[in-house]
Amino acid sequence: MTEAHRTSLPALRTGLGYDVHAFAPGRKLILGGVDIPHHQGLDGHSDADVLAHAIMDALLGGVRGGDIGKLFPDTDPAYKGADSLKLMEHVARFVREAGWEIVDIDSVIAAQAPKLSPYREQMRENLATAMGIPVENVGVKATTTEHLGFEGREEGISAQAVCLLARR
């Protein structure tokens, strides 16, 4: 690729994130920073917010910054029980310091139960606030897996996210 061609390309990048956590009794179910009433939560070193984790991995992928395990290793006691939205604020700063702006996020949560639609707007607001972007630039969807796979058997929850970044 010639230098002239490289400079004529739009300064945009995408990132993809995916995360999974198993259900565990005696834990809160936190998704998008919302404490969702359920008989069990997700297992993890932090608060196990699978949605926030997928979005953070998408952002880090977009700036070629590795993954959240690199920034916040689960071997570090400092992150035991950590609020994932606080970690997301750090990731958003990391993205901006790398010279990128967060343009848009879209995400999907796969969970057979509980029903998540009543919490969707609060999740969007929490995530947007943590990233410092408008709420209309954050998409959150939820789906069941029609009782298929580990999500369908209610063994855990997964989330996927994509981001669009623009060079600052």
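Analyst: Let's start with a cut-off: a residue is buried under 20% relative accessible area, exposed over 50%, and partly exposed in between. Keep in mind that the model we are reading is predicted.

User: Thanks! How does Glu121 count, then, in terms of relative accessibility?

Analyst: Glu121 has a relative accessibility of 36%, so it counts as partly exposed. Arg124, with a relative accessible area of 14%, is buried.

User: Which side chains meet Glu121 in a salt bridge?

Analyst: First the general idea: side chains of opposite charge can pair when their charged atoms come close. Here, Glu121 meets the side chain of Arg124 in a salt bridge, at 2.7 Å from N to O. Both residues sit in helix 5 (residues 120-131), and their spacing of 3 residues is about one turn of the helix.

User: How many salt bridges does the structure hold?

Analyst: There are 7 salt bridges in the structure. Another of them joins Asp106 to Lys141, whose closest N and O atoms are 2.7 Å apart.

User: Where do Asp106 and Lys141 lie?

Analyst: Asp106 belongs to strand 5 (residues 100-110) and Lys141 to strand 6 (residues 138-143), so this pair ties together parts that are 35 residues apart in sequence. Asp106 is partly exposed, with a relative accessible area of 33%, and Lys141 is also partly exposed, at 38%.

User: Which residues are linked in a network of salt bridges?

Analyst: Arg96, Glu101 and Arg168 make up such a network. Within it, the side chains of Arg96 and Glu101 meet at 3.4 Å, N to O. Glu101 counts as partly exposed because its relative accessibility is 28%.

User: Let's turn to pockets. What volume does the largest pocket have?

Analyst: The general idea is that rolling a probe the size of a water molecule over the atoms shows where empty space is left. In this model, the largest pocket has a volume of about 270 Å³.

User: How many residues line the largest pocket, and which lie nearest its centre?

Analyst: The lining of the largest pocket has 15 residues, and those nearest the centre are Ser46, His53, Ile68, Phe72 and Asp74. By class, the lining splits into 6 nonpolar, 6 polar and 3 charged residues.

User: Which element gives the most to the lining of the largest pocket?

Analyst: Strand 1 does, with 3 residues. At least two lining residues come from each of strand 1 (12-24), helix 2 (50-62) and helix 3 (68-71).

Technical notes. Residues are numbered from 1 along each chain as its sequence is written. This is a predicted model: local features need pLDDT of at least 70, side-chain atom pairs count only at pLDDT 80 or more; totals for chains, interfaces and linings use all residues. Side-chain values use heavy atoms; hydrogens and water are left out. A salt bridge is a side-chain nitrogen of Lys or Arg within 4 Å of a carboxyl oxygen of Asp or Glu. Buried means under 20% relative accessible area, exposed over 50%, partly exposed in between (1.4 Å probe, protein chains only). Helices (H or I, at least four residues) and strands (E, at least two) are DSSP runs, numbered from the N terminus. On a 1 Å grid over the protein atoms alone, a cavity is a set of points where a 1.4 Å probe fits but cannot get out, and a pocket is an open set with protein on both sides within 12 Å along at least five of seven lines; lining residues have an atom within 4 Å of a point. Grid points are joined across faces, edges and corners, and a volume is the space filled by probe spheres set on the points. Ala, Val, Leu, Ile, Met, Phe, Trp, Tyr, Cys and Pro count as nonpolar, Asp, Glu, Lys and Arg as charged, and the others, Gly among them, as polar.
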